Amino acid sequence: MFPAPFSRTRRTAKTWQKIEKVRFTILVHPETGSRQNRPGNRLYSPKPQRIMKAQPNSTPYHHRLALVWIANAMKRIDRRSNEAQALIKWIRENAFDLCVGLNGKGGATDAASLVKATTDIPVSKITRRGRRKFRRMVSDHDLMDELLDDFMDSDDEGNATGSDKAWRRLRKHIEKLCKDAKGIGPDRTAVRLQELAGIAHLAPEDVCILEFVLLYQTHPLLESLVDDFLLHRHCRTLSAKNNSMPCFLGMSANAVRRRLADDAPLVASGLLAVDSDGDIDMASRLEKLAWESEEESDVRRLLLSASKPTELDWSDFDHVAEDRDYLAKILEGALRQGAKGVNILLYGPNGTGKTELSKVLANRLGVTLFGVGEKDERGGEPSRGERLADLRLAGCLLGKDPNALLLFDEMDDLFSGGAMMSFLLGFMSDRGSRGMRSSRSKLFMNRLLEENAAPTIWTTNHAESTDPAFLRRMTYVVHLRKPPTRVRERILTRQLGKSDVCIEPEYVEKLASRFEMPPGVVDGPIRAAALLPEGDRHALLERGFGNIAALMRCERPSQAPPARFDPALIRADQDLVDLAERLTGQDAKPFSICLQGPPGTGKSAYARYLAERMGMEVLHKRTSDLLSMWVGASEQNIAEAFREARDTRSFLIFDEADSLLADRRRAHRSWEVTQVNEMLTQMEMHPLPFACTTNFVEKLDDATLRRFLFKVTLRYSSPEQAAGLFRAYFDMEAPEVLSNLKAFTPGDFPVVRRKAEVTGQLDDADALVAMLKAECDAKPNRPSGMGFRAA
């Protein structure tokens, strides 16, 4: 584009060939043919390319706006300026489109008369400064000099009075066209903008600015008008620091700047954003106002995406029933009162149903749940800035809607980084990366949480990575864990029914008991099974669940006591049958029990038996689940184990507790002491039954024993109990020689049974006795006494 255009009527054909060649060199990319400046030109940087889903159709309203903008600009610019010449050139090139768009719609215009009005204006003389600018823009200096010489020789400086008259005549012509076009009403985009203005409480000036930016982003005709004007002002994009927008809108520059201030409605609502350089950007989803063709009556539903329906029910979250009910009451009150700053945090492992619980709550309250920042306007992955802009926009649109909730899934994108991350960001900022710190202002995010107008549900997998300053601004926090067996069984049954996969209830119960599959994970193996014939579905389900459970570490051993378990066959220092009756009766109260004795005597089995009698899920924790290589992490894991037991109402069992409750007098490191201290503190405060098992009670800390209400010592089985175990496991009477063996434990019999099944000796009593003797002889600390002698 030239600083001063030239009238085709005063140039020869040869000269105009040179003009087109230079014009192409400046404006057209040599490979793509797109309109842009030469690469490397610092003066006129190309505008960022936008990828749009659709181009809105031109309407008479668009052409009327173009005329209004031109009329406003002509009142504010000098007719000798480069901008004036750019307007004249644009009118000449687009007169036909303008007139066609207005004919029959209130604008009685003639394209030829409009072009003629522009040709009556003399052309401004090219200065030496303009020559130097041209030479910097075009690499072919010889061609440029020849062209400029032609113009310098043939330019007619004209008469100042005549030029002013021609300029005034053109202005009057444009104003007359605007007056004739007053009968053209707003199109669909303008109507949507007015509705948006009512929701966001925008002033008429704000609507004009927003409409200007929106149409510049989406309408090619108006974009070209503004681009040609900006190019002659040495601008590459819309900016709050130049006067281009005020010229077109007929507003003062100060008025536009006030409307684009940080605390002004346009920016505070997230509709527009102004960076430190003054460049103006618009929320990308606002482009739907221009190119979305569907007749959506509510602009909020057009701009925001409602979440997909859920397949889970209210009862599927019975394992968090208390928190679930409180959430429903809190959200209902917030919507009814229009309360600000209501933030709900749902956190927990992958697939535990955080998003689904949000949908279930919305269904329960009869409101719509809108997902925020889940994708950009092209359906791709949104950036952090785009997600933040969507959140601000959604809060602006839904702040006073009593039938809408917001869901911000994976809040780590916005609030990532705890204390360590803050330290790293601060260090990088000190090194010169100022942009990183400014993009994550804690003060800004704090105010965002405190002032958000619509109730918002936030979800994350790792709340511990979030800065505590953000966490304390949450109204209510819920930790979602893997659901208990009964809930998993119900979800499995329903999902199998929806996929037309017929499985026996016993098999479903087996899958639910074996795999701690969260709700978000069960769908994959079931859909895979639905693709196979009937006969292959059982095997695929078990293998599919097993594979994904191993990947997610959610396969667990059986929590029920052994199939042939009988507490009467366990030898202890007190009657275990009577103890179980007293502990699990109707008036049962919370208790703690320590079970100690040699390996295999049935300590863990008896603890699981108590849990089954009480109807409680078992939460089994081994030492490997709790101890960590990081200082302080073991204490956190211990506290989390007790907290999980409280939240899930589970019977907590610690195996090999001597590793967690070792005598502190023998400790060599401070963390060995703090680990025992944490364990003792949690044991004293725990409100539910729990049990600890150990093989080495003498290694326990002295303060441990008083924390247990019941202390039970299990011993090797008596001859009578050994005979009973033999009958229970092998379905035959025990040989008399069995009474001569010592060091029997209940755990020996299932081992021997599995061994006999492998060797095919399950019916051979003598072989079974020999195997039992081998198990007894393998015990290093077996009691002394006369053993079995082979014949």
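**Strand pairing, salt bridges and confidence in a predicted model**

Phe370 stands opposite Leu406 in strand β6, where helices (H or I, at least four residues) and strands (E, at least two) are DSSP runs, numbered from the N terminus. The structure is a predicted model, in which local features need pLDDT of at least 70 and side-chain atom pairs count only at pLDDT 80 or more, while totals for chains, interfaces and linings use all residues. Residues are numbered from 1 along each chain as its sequence is written, and side-chain values use heavy atoms, with hydrogens and water left out.

Strands of a sheet pair through backbone hydrogen bonds, either parallel or antiparallel; here two strands are taken to pair if DSSP finds at least two bridges between them. Strand β5 (residues 368–371) runs parallel to β6 (residues 404–408), to which four bridges join it, and Gly371 of this pairing stands opposite Leu407 in β6. Strand β3 (residues 305–306) is antiparallel to β5 and is joined to it by two bridges, with Ala306 opposite Phe370 in β5. These strands belong to an open sheet of six, in the order β3-β5-β6-β7-β4-β8, with mixed pairing. The edge strands, each pairing on one side only, are β3 and β8 (476–479).

The structure holds 38 salt bridges, each defined as a side-chain nitrogen of Lys or Arg within 4 Å of a carboxyl oxygen of Asp or Glu. In helix α3 (residues 82–102), Lys89 and Glu93 lie four residues apart, about one turn of the helix, and their side chains meet in a salt bridge (2.2 Å, N to O). Residues are called buried under 20% relative accessible area, exposed over 50% and partly exposed in between (1.4 Å probe, protein chains only); Lys89, at 17%, therefore counts as buried, whereas Glu93, at 43%, counts as partly exposed.

A second salt bridge joins the side chains of Asp318 and Arg324 (2.8 Å, N to O), of which Asp318 is partly exposed at 33% and Arg324 is buried at 6%. Asp625 and Arg622 also meet through their side chains (3.9 Å, N to O). Salt bridges that share partners join Asp313, Asp316, Asp318, Arg324, Asp325, Arg490 and Arg494 into one network.

The mean pLDDT, the predictor's confidence in each residue from 0 to 100, is 78 for the protein chain, and 78% of its residues reach 70 or more. Over residues 123–131 pLDDT stays under 50, and the model has 21 contacts (heavy atoms within 4.5 Å) beyond four places in sequence for this stretch. Where pLDDT is low, the predicted coordinates should not be read in detail.
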